[in-house]
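This report looks at a ligand site and at the domains of the protein around it. The sequence and structure are shown first.

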Amino acid sequence: MNIQQIASTPFTDQKPGTSGLRKKVTVFQTPHYLENFVQAIFNCATELKGNMLILGGDGRYYNSDAIQTILKIAVANGISHIKIGRGGLLSTPAVSHLIRKYRAAGGIILSASHNPGGPDGDFGIKYNATNGGPADTKFTDQVFANSMTISGYRIAEMDNISLATAGQFQFGETLVEIIDPVSDYADLMEELFDFGQMKRLLGSEGFSICFDAMHAITGPYATEIFQQRLNAAAGSVINAQPLEDFGGGHPDPNLIYAKELVARLNQGDNSPNLGAASDGDGDRYMIIGPNFFVNPSDCLAIMTANSHLLAGYQAGLKGVARSLPTSRAVDKVAAALGIECYETPTGWKYFGNLLDDGRITLCGEESFGSGSDHIREKDGVWAVLFWLNLVAIKGQSIEEITRAHWARFGRHYYSRHDYEGLDSHAAEAVMAALRIRVKNLAGTHLAGHAVSSADDFSYTDPVDNSITDRQGIRIIFEDESRILFRLSGTGTEGATLRLYLERYEPDPTMHQLETQAALAAMAAIAGEVAQLKEHLGRDQPDIIT
Ligand code: G16
């Protein structure tokens with residue numbers, strides 16, 4: 001096997017964000033761009049040498065090309081065994097599981113998650129470590145530093161291999177295996193949930209589901225699990241074929257982008273009983289019932305309150321965690337259960353230590369993600385199975401389960417307002433001004449609402465004591481309402497300011513309000529405190545979820 005050493009010069013913009021390096025496809029196509037970054041990963045993850053690597057992606061445009069390139073660099077860097085999903089496909093949760101199951105040293109996932117794909121769309125690359133979870137900030141900082149000084153990369157001189165069918169190839173010292181992307185993951189799901197119970201429900205008169213794979217990675221997974229293993233009716237999984245451009249859609253499972261699903265669920269008596277959608281790489285999900293949406297923060301709280309009913313979680317929960325901007329609905333449940341509830345910065349990587357240290361069993365985020373200690377990623381299909389199994393056990397609808405939860409724990413009205421495509425300097429100016437403003441807010445009143453505390457969130461990891469600061473401005477009111485501001489770390493163009501609004505309502509007679517109406521006072525306070533109109537020239541968000 002001939003190994004070439006190719007000289008290259010550093011790119012200055014290869015700093016990973018909330019979840020890996022995300023850029024336009026055209027940026028990744030720049031000569032040496034992908035190669036430099038991948039070599040920087042191998043330079044830092046020295047444990048990969050002589051060990052196993054898992055490799056796959058969400059099937060978006062450039063996925064197959066990138067896999068061939070990464071494979072050649074991996075061979076040249078002495079990786080002894082590489083497992084690649086057939087067709088170059090692997091969901092993010094499946095990669096996490098495969099790393100753990102086969103004791104691989106790490107995994108490379110090609111995805112820009114819920115961002116659109118295609119030649120003018122987005123691409124991304126993430127590295128997951130030996131525990132199966134997203135590499136921590138210490139590692140991604142090292143990769144960034146390495147990318148800034150890199151002088152070249154090693155690449156094996158070999159032809160492209162066929163990814164189309166399962167099989168094995170030997171290249172020098174490296175065994176390359178093309179594997180079924182679905183079966184190991186589907187087997188794991190059978191261990192965690194009661195497939196018999198769900199089969200009976202799906203076989204009963206008048207019960208049906210609709211899973212919208214949004215032409216992204218979960219199509220093959222959902223088809224195998226729901227239609228083959230659980231006998232859901234043919235056609236229960238829609239948009240099941242992964243496409244390079246996601247069919248021109250935006251593979252983000254929310255009420256705005258999962259339009260076809262929402263229309264099917266809102267067609268009266270003929271509506272399926274449970275609707276679900278998942279994103280580009282299969283870690284996000286949305287759950288809806290007929291004319292009823294469950295916000296992701298409530299999802300985590302409801303899962304926490306009911307997990308003891310599910311086969312895989314009957315031993316009880318060690319603890320739970322949520323990211324800072326996720327509503328505090330789960331905090332109420334944790335308090336009732338007498339378990340710890342951790343508050344982390346945004347980014348699944350911050351749950352890794354808590355999971356590895358056995359401190360938590362469930363965790364989740366407002367950004368349509370929930371997960372458990374079965375892997376080290378959030379997991380869309382797992383979450384949908386959790387809900388389906390819960391419906392089978394309780395014999396209640398999604399809406400009934402959610403309303404009963406609110407009646408018991410109170411309702412957290414919650415919404416996220418996104419201001420997209422901002423000039424980065426203007427967005428930074430909003431945050432800089434807020435950092436100053438919050439210093440003096442505690443003990444004051446904003447539009448008649450008493451502020452109990454206000455700060456820029458700093459997180460001390462209880463396991464390794466590492467400190468991550470400047471993670472978001474939070475203003476907390478005496479009535480338990482909250483306002484938070486932070487900049488997104490996953491965009492590829494300009495900046496996105498996220499404003500998170502929350503109001504706690506313990507009184508069940510007040511649980512019927514429309515969400516935006518319930519949060520109108522908080523939205524007005526937020527606009528005033530951050531002087532959004534003055535800084536951004538806008539007073540309305542682009543996206544409300
Ligand atoms: C990623 C992270 C999540 C985070 C989300 C949004 O999800 O894994 O932890 O909540 O981005 O991040 P931001 O608010 O910085 O845009 P995904 O599904 O995009 O990989």
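A polar contact is taken here as a pair of N or O atoms within 3.5 Å. The model is predicted, and the distances that follow are computed from its atoms. A polar side-chain atom of Ser367 lies 2.7 Å from an oxygen atom of the ligand, while for Lys378 the distance from a polar side-chain atom to a ligand oxygen atom is 2.9 Å. In the side chain of Thr490, an N or O atom is 2.5 Å from an oxygen atom of the ligand. Of the 460 Å² of accessible area that the ligand has on its own, the protein covers 99%.

## The surrounding shell

The ligand sits in the largest cavity, and there are 19 residues around it, of which Glu365, Arg486, Ser488, Thr490 and Arg498 come nearest. Sorted by class, this shell consists of 10 polar, 8 charged and 1 nonpolar residues.

## Domain arrangement

The protein is divided into three parts, with domain 1 spanning residues 3-181, domain 2 spanning 185-409 and domain 3 spanning 411-544. Taken over C-alpha atoms, the centres of domain 1 and domain 2 are separated by 28 Å, and 33 residues of domain 1 are in contact with 32 residues of domain 2.

Notes:
Residues are numbered from 1 along each chain as its sequence is written. This is a predicted model: local features need pLDDT of at least 70, side-chain atom pairs count only at pLDDT 80 or more; totals for chains, interfaces and linings use all residues. Side-chain values use heavy atoms; hydrogens and water are left out. A residue is near a molecule or strand if one of its heavy atoms lies within 4 Å of it. A polar contact is a pair of N or O atoms within 3.5 Å; within protein, one must be able to donate a hydrogen and the other to accept it, and residues adjacent in sequence count only if both atoms are side-chain atoms. Accessible areas come from the Shrake-Rupley method with a 1.4 Å probe; for residues, only the protein chains shown count as cover. On a 1 Å grid over the protein atoms alone, a cavity is a set of points where a 1.4 Å probe fits but cannot get out, and a pocket is an open set with protein on both sides within 12 Å along at least five of seven lines; lining residues have an atom within 4 Å of a point. A molecule sits in a cavity or pocket if more than half of its atoms lie within 2 Å of its grid points. Ala, Val, Leu, Ile, Met, Phe, Trp, Tyr, Cys and Pro count as nonpolar, Asp, Glu, Lys and Arg as charged, and the others, Gly among them, as polar. Domain bounds come from an automatic or database domain assignment. Contact means heavy atoms within 4.5 Å.
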